[in-house]
Amino acid sequence: MPKRQAEDTSSRDMASVGSKQLKSNDEKFTLFYTPESPFSNFHPAVFELEDVKYSCSEQYMMHQKAVLFEDTEVGEQIIAAVKPGKMKQLGRRVKNFDQNVWNENKRAIVKKGVKAKFSQNSDLKKELLKTQGTTLAEASANDRIWGIGLGLKNPLALDKKNWKGQNLLGYILTEVREELIAEEK
């Protein structure tokens, strides 16, 4: 992976990593979206959990969805998949899926995968720690669960009152960052 230059916390565009840090009133945000951003679930990052090797946190999330609903066949297909988009597509085909059960478990599943991703990849961990003092936000215009429902370039994304999504991934990343900082102390 190419070495990245240090990023500051000003409003400078960090397009090279698919993220940008911005300040709005008293709150600072690190907005991200593209797979080039280390914060994206699609960003390549090899890590291992429970003797299974994953190529990105999207693969972990979708595989654990299949495990939760005991769909071994789709689970194996997710592990065999190479592209995150395919992993996501397969995750939508998990048999016996129950939205209520998923809602009760999805946050813990994603947090476990995200923490492993950043704990086991020191370069990515450094990038996450650089966001200290900001709230991470997935600036996906089409995702109102994991993202904020607004795009990376949308100026409305700078105010939480405008967010149309729950930003679950952003809040999980922010929590994981704080846990990693506390563990280092």
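Does lysine 117 count as buried or exposed, and at what relative accessibility? Select lysine 117 to find out: at 1% relative accessibility, lysine 117 counts as buried. Here, buried means under 20% relative accessible area, exposed means over 50%, and partly exposed is in between (1.4 Å probe, protein chains only).

**Before going further**

This is a predicted model, in which local features need pLDDT of at least 70 and side-chain atom pairs count only at pLDDT 80 or more, while totals for chains, interfaces and linings use all residues. Residues are numbered from 1 along each chain as its sequence is written, and side-chain values use heavy atoms, with hydrogens and water left out.

**The whole protein**

Zoom out and colour by secondary structure. Helices (H or I, at least four residues) and strands (E, at least two) are DSSP runs, numbered from the N terminus. Of the 185 residues, 48% count as buried. The protein exposes about 9700 Å², with carbon and sulfur atoms supplying 49% of it; these areas come from the Shrake-Rupley method with a 1.4 Å probe, and for residues only the protein chains shown count as cover. Among contacts between residues at least 6 apart in sequence, 54% join residues at least 24 apart. Contact means heavy atoms within 4.5 Å.

**Stop 1: around lysine 117**

Go back to lysine 117, which lies in helix H4. Leaving aside its neighbours within four places in sequence, lysine 117 is in contact with Pro38, Phe39, Ser40, His43, Ala45, Phe47, Ser57 and Leu124.

**Stop 2: helix H5**

Next, select residues 122–129, which form helix H5. Which residues of H5 are buried? They are Leu124, Lys125, Glu127 and Leu128. Looking down the axis of H5, you will see these buried residues within an arc of 160 degrees, so they line one face of the helix. The arc is that of the directions from the helix axis to the C-beta atoms. Ser122 and Lys126, on the other side of H5, are exposed. Now show what covers the buried residues of H5: the cover includes helix H4 (99–119), strand S6 (135–138) and helix H6 (168–184).

**Stop 3: helices H2 and H3**

Select residues 72–80 for helix H2 and residues 84–91 for helix H3. Their axes come within 9 Å and cross at roughly 170 degrees. Axes are lines fitted to C-alpha atoms, for helices over the stretch in contact, and angles run from 0 to 180 degrees between N-to-C directions. H2 and H3 are therefore roughly antiparallel to each other, a term for angles over 145 degrees. Show side chains for Val74, Gln77 and Ile78 of H2 and for Met87, Leu90 and Gly91 of H3, which make the contact. By class, this contact has 4 nonpolar, 2 polar and no charged residues. Ala, Val, Leu, Ile, Met, Phe, Trp, Tyr, Cys and Pro count as nonpolar, Asp, Glu, Lys and Arg as charged, and the others, Gly among them, as polar.

**Stop 4: two loop residues**

Aspartate 71 is in the loop between helix H1 (57–68) and H2. With 6% relative accessibility, aspartate 71 counts as buried. Beyond its neighbours within four places in sequence, aspartate 71 is in contact with Ala66, Arg93, Val94 and Lys95.

Finish at asparagine 162, in the loop between S6 and H6. Asparagine 162 is partly exposed, with a relative accessible area of 28%. Apart from neighbours within four places in sequence, asparagine 162 is in contact with Leu150 and Leu156.

Key:
Parallel < 35°, antiparallel > 145°, perpendicular 65-115°, else oblique.
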